Amino acid sequence: MLWIMLWTLFIFILSFVRASASVWLISFLILCLLMFKYLEVGFTSIFISTIIIIVLPLCIPLIRCRIISYLLKKFNKSLPKISITEKEAINAGDCGWEKDILSGSPSWRKLHNIAKPKLSEEEQHFIDGSVKELMSMINDWKIIFNDVEIPENIWKFLKEKGFFGMIISKEYGGLEFSPFGISRVFSMLYAKSVTVATTVSVPNSIGPGELLMHYGTEKQKKYYLPRLARGEEIPCFALTSEFAGSDATAMLDSGVVCYGEYEGNEILGIKLNWNKRYITLAPVATLLGLAVKLYDPKKLLGKKTEIGITCVLIPSNMPGISIGRRHYPLYTPFQNGPIQGKNVFIPFDFVIGGKDMVGKGWRMLMETLAAGRAIALPSSAVGESQQVLMATSSYSMIREQFNSPIGFFEGIQEPLARIAANTYMIDALCHFTITVIQNGSQASVASAISKYHSTEMARKIIKDAMDIHGGKGICLGPKNYLSAFYTSAPISITVEGANILTRSLIIFGQGLTRCHPYLLDELSAIEDNEIKRLDCLLCRHFGHIMHNLTRSVIYALSSGFFIKSSTKRLKKYYKRLSKYSIYLSFISDLVLLIYQGGFKRKESLSGRLGDILSYIYIGSAVLKKYYDEGELAEEQPLIKWIMEYLCYEIEEKFCDIINNFNIPVLRYGIYYLLFPYGKYSKIPTDNLDRDVANLVLTPSETRKKITRLSYTEEINNEQCYSLNKLFFGLHNEKKLYKIVKDAKKVNKFTGSNPLKIIEQAFKKNVISEDERNRLFKLEALRLKIIKVDDFPFDGLKRKK
């Protein structure tokens with residue numbers, strides 16, 4: 001028995017070291033030999049002898065290679081096949097923190113050491129000047145319901161101040177802002193107007209400018225980029241078509257290599273036919289970026305007839321182009337519409353990157369989308385969520401029912417706490433992902449996580465805000481500061497990769513293949529039939545699985561006692577996330593083993609695994625933000641609420657995955673392996689809801705921090721300006737209101753009208769004349785805020 005105890009100790013030590021398959025197999029062999037020694041001859045000893053006979057050959061590389069070669073031939077059909085477009089999508093970008101999570105070994109010290117970005121002096125000057133001036137010019141109600149377009153003076157301002165050239169380098173006349181600087185501009189604009197912000201964000205994310213910067217020829221850069229930076233050219237990029245939405249590679253839009261006439265000369269070029277839709281800025285665009293499938297039936301370029309997806313750049317006034325019609329995306333009137341082209345002949349100079357880049361369009365799009373997707377839409381969620389939180393927390397203190405601000409009721413505090421927590425998570429998630437991008441990473445998986453979860457959380461925020469506002473939120477008019485966010489929420493959910501697709505296919509599907517320590521290399525070795533390399537990778541992979549399995553058992557039984565944390569504050573949450581990372585790594589390999597190539601069709605399972613990866617990533621971002629900002633004690637209730645919520649959701653997703661295993665022994669075995677004492681985490685308590693709500697119902701430093709990008713200036717923003725002003729006014733005069741309230745009980749003031757009660761308090765000498773006048777001003781402002789819009793009987797008819 002002593003030898004078996006020593007073997008157990010050896011395995012315990014081995015669990016903290018990444019050992020190869022051979023080491024694990026030999027240790028298992030030793031266990032079998034020890035058991036064989038102490039067992040009597042019989043069925044059990046015969047069974048163990050059989051295992052020894054099976055395991056022993058696996059320790060010999062030559063035999064292993066023979067077995068692998070045989071299995072590859074026999075089960076080749078069940079192995080997942082990766083198409084060329086899938087390869088390009090997988091290889092687009094790179095991995096960062098998400099790879100650490102999927103490996104099961106996140107280093108919190110490494111996370112904390114990632115430098116956080118700062119605004120440059122130029123970026124700060126631009127924000128303090130041009131951005132704030134632009135925001136004061138925007139009358140969103142007039143844009144949405146009267147003009148149904150951005151007025152000419154704003155278009156002119158955007159061009160003159162360089163808003164369309166933030167992504168373009170100074171060499172070509174642009175502002176050359178950092179990803180963090182661009183994100184901050186986007187967030188501030190989205191807090192004011194979704195329509196104007198979208199108009200600015202599209203040319204500065206996925207589009208001709210981004211593609212030209214990375215892949216354009218020097219001639220293309222010198223001609224187009226200065227014109228784009230000055231706003232002389234309005235760009236759009238057309239990818240989606242009638243038969244190709246989420247599956248963009250299924251497009252029917254085509255280009256055929258042929259000879260044709262251009263500017264009076266017959267040259268070799270491309271004849272294009274396309275029918276695109278949902279293209280932002282298309283109705284006003286002067287420069288069209290276009291993705292088409294290129295064919296060469298006469299083999300004028302080489303031996304291939306199908307060249308592949310190619311990106312081209314075309315002036316919108318060329319013959320054969322139909323442009324100008326508009327879509328109307330949910331009462332959000334940014335320019336968006338269809339584009340058609342029939343027999344449009346272009347030279348190869350119009351291909352982005354020239355003739356050398358034909359057929360490489362999909363890789364170009366995947367690489368640029370990976371970074372662009374992490375900036376525009378997450379930044380929009382940051383701005384919108386902070387504006388909504390500012391308005392809703394203020395309204396919760398201003399609106400009174402049953403002689404008390406509605407923010408004091410638990411029914412309001414619960415959704416208000418969710419709004420505050422989701423706002424903090426969006427900010428942390430967006431900031432962390434942009435930090436990674438600014439440090440040089442493409443972060444394709446992280447950008448998908450950021451896009452999906454920031455827009456989903458923003459949708460939850462506006463839903464809760466509408467519930468709290470009640471009738472105030474559903475009556476349209478200049479006084480309604482929520483409606484634009486509410487109606488536009490599905491747009492962010494849909495564009496730049498629909499959220500259903502992103503969750504069920506991209507986050508974990510691409511994440512597992514791209515971020516797994518061995519999987520991508522193994523698939524490459526299988527494709528190249530490199531048996532020795534595959535044997536080496538499989539041995540390491542097996543060691544990786546055993547490493548995570550033993551650590552899962554140890555950490556589950558010890559409740560993470562042996563996990564190290566780099567900080568003392570909130571130590572238990574670092575330990576939980578580390579433990580969940582190990583669980584995820586182990587479950588991922590188990591799922592691959594069970595479903596093999598069929599895993600590509602298990603979208604619900606992929607979605608749940610993606611949720612776990614995402615929640616660990618978001619939790620990491622939240623802990624990093626809290627650490628970077630000094631771990632303030634005041635914020636702890638908010639951080640605890642978020643971490644309890646994330647841990648609860650992670651454990652629920654693990655249970656959902658386990659419940660879908662069809663084999664009962666496996667189902668119960670894995671559950672009790674991961675949760676021997678039952679699930680650890682519970683949803684945030686009512687007391688925690690109250691503590692978080694109180695942080696945003698008072699002018700706390702936490703509230704100031706998580707609403708810092710909200711727009712509260714007076715010009716063209718009367719309602720939000722008044723909300724913010726009254727919120728602080730009520731806080732400053734809360735002692736005076738308490739005096740009046742106490743006096744009302746003692747003196748039995750009549751009526752419920754607050755102005756009459758204040759007047760009675762003045763006449764009874766409870767308050768002075770100056771105090772009465774101050775309260776009158778606040779009550780007049782309260783009345784102004786709680787009012788909703790109404791219109792003449794025929795006043796809502798649109799003018800022709």
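1. A contact here means heavy atoms within 4.5 Å. By that rule, residues 24 or more positions apart account for 76% of the chain's contacts with a separation of 6 or more.

2. A word on the ground rules: this is a predicted model, in which local features need pLDDT of at least 70, side-chain atom pairs count only at pLDDT 80 or more, and totals for chains, interfaces and linings use all residues. Residues are numbered from 1 along each chain as its sequence is written, and side-chain values use heavy atoms, with hydrogens and water left out.

3. Now the overall make-up. The chain has 33 helices and nine strands; these are DSSP runs (helices H or I, at least four residues; strands E, at least two), numbered from the N terminus. Of its 800 residues, 55% count as buried (under 20% relative accessible area, with exposed over 50% and partly exposed in between; 1.4 Å probe, protein chains only).

4. Lys705 sits in helix H29 (residues 701–706) and is buried, at 19% relative accessible area. Beyond its neighbours within four places in sequence, Lys705 touches Glu629, Leu632 and Glu635. Tyr424 is 281 residues from Lys705 in sequence, yet their C-alpha atoms are 9.3 Å apart.

5. Tyr677, by contrast, is exposed, with a relative accessible area of 54%. You will find Tyr677 in the loop between helix H27 (664–674) and helix H28 (686–697).
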